[in-house]
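Have a look at the picture, then read on.

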Amino acid sequence: MAKATAPRAWQRMLSGRRLDLLDPSPLDIEITDIAHGLARVARWNGQTAGDHAFSVAQHSLLVEEIFGRLGGRVSPDQAMTALLHDAPEYVIGDMISPFKAALGDGYKSVEKRLQRAIHLRFALPPEAPAALVRQIKRADRIAAFFEATRLAGFAETEAARFFGRPRGFNAEALDLAPLPARRAQEAFLARYRAIEAMRAGGG
């Protein structure tokens, strides 16, 4: 009788790495794969206005920008944590919050393992401090409000109910124009390299 084999749980990346989704190794994570994947994952399940999807790569840039404007000194490590806050989605995709809630702890545990491996790969603490997580989440909700109202067809009152109404931010000051995947990928990589340069310089 043939021995049953375990189902494949890894994905081959364009870099040549094979990333085990259930037991991810930091050694199999490359920033080029993250940028490539996030630039091709659509926010809001692609239900946004424009000729291109508003990608998770663009969302990540938006959140990191808003995070930097929330006040207080932002260290390069904190900026990198903000930029990579949705990095696991380069392999597991971006699911809307209601579906994540329906999937429950199974999805969350996979996401958390991937996030820990990503943090270790880029020399960040495996678990971000709670205060930092809260501040990034605040920036994430602000970004979601503007994406929802400017791109995804939400009325402001409806978006405010789900995400809160941002104070001190104006949509006109934020770049919400959906980019082609290649440009979003390049912009994400450029910001990553800029933050890495600051980290290397002790800034």
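Start with helix 3: its buried residues are P76, A79, M80, T81, A82 and L83. That makes six of the eight residues in this helix, which spans 76-83, so helix 3 is largely enclosed by the rest of the structure. Keep in mind that you're looking at a predicted model.

**What's packed inside**

- Nonpolar side chains tend to be buried together in soluble globular proteins.
- The largest nonpolar core here has 33 residues, and I34, L84, Y90 and F188 touch the most other members.
- Helix 1 (31-38), helix 2 (56-69), helix 3, helix 4 (89-92), helix 6 and helix 9 each give two or more residues to this core.
- Which residues does L84 touch, leaving out those up to four places away in sequence? They are I31, Q115, I118, F122, L124 and F188.
- Another core lies apart from the largest one; it has 25 residues, including L62, A82, I142 and L176.

**Rings meeting rings**

- A pair of aromatic rings is described by how far apart the centres are and by the angle of the planes.
- Searching the whole structure turns up seven aromatic pairs.
- One of them is F122 with Y192, an edge-to-face pair with 5.7 Å from centre to centre and 70 degrees between the planes.
- F122 sits in the loop between helix 6 (105-121) and helix 7 (130-150), while Y192 belongs to helix 9 (181-200), so this pair ties together parts that are 70 residues apart in sequence.
- Are F122 and Y192 buried or exposed? Both F122 and Y192 are buried.
- F154 and F162 also pair edge-to-face, at 6.4 Å centre to centre and with 80 degrees between the planes.
- F154 has a relative accessibility of 21%, so it counts as partly exposed; the cut-off for buried is under 20%.

**Charges over rings**

- R18 lies over the face of W10, 4.1 Å from the ring centre.
- R161 is placed over the face of F162, 5.3 Å from the ring centre.

- Most residues other than glycine have a negative phi.
- W44 isn't a glycine, yet it has a positive phi of about 60 degrees.
- You'll find W44 in the loop between helix 1 and helix 2, and it is buried, with a relative accessible area of 15%.
- N45 isn't a glycine either, and its phi is positive too, at about 55 degrees.
- N45 is in the loop between helix 1 and helix 2, but this residue is partly exposed, with a relative accessible area of 49%.

**Stepping back to the whole protein**

- The protein has nine helices and two strands, and from the N terminus on the order is β-β-α-α-α-α-α-α-α-α-α.
- Its radius of gyration is 17 Å, close to the 17 Å that the globule rule gives for 203 residues, so the protein is as compact as a globular protein of that length.
- The C-alpha trace spans about 65 × 40 × 35 Å along its principal axes.
- Of the 203 residues, 44% are buried.
- Among contacts with a separation of 6 or more, 66% are between residues 24 or more positions apart.

Note on methods. Residues numbered from 1 in each chain as written. Heavy atoms only, no water. Phe/Tyr/Trp six-rings, centres within 6.5 Å; stacked < 30°, edge-to-face > 60°. Helix = DSSP H or I, 4+ residues; strand = E, 2+ residues; numbered from the N terminus. Buried < 20%, exposed > 50% of the residue type's maximum accessible area, 1.4 Å probe, protein only. Lys NZ or Arg CZ within 6 Å of the ring centre and 35° of its normal. Core = buried A, V, L, I, M, F, W, Y, C linked by side-chain atoms within 4.5 Å. Contact = heavy atoms within 4.5 Å. Rg over C-alpha atoms; globule rule 2.2 N^0.38 Å.
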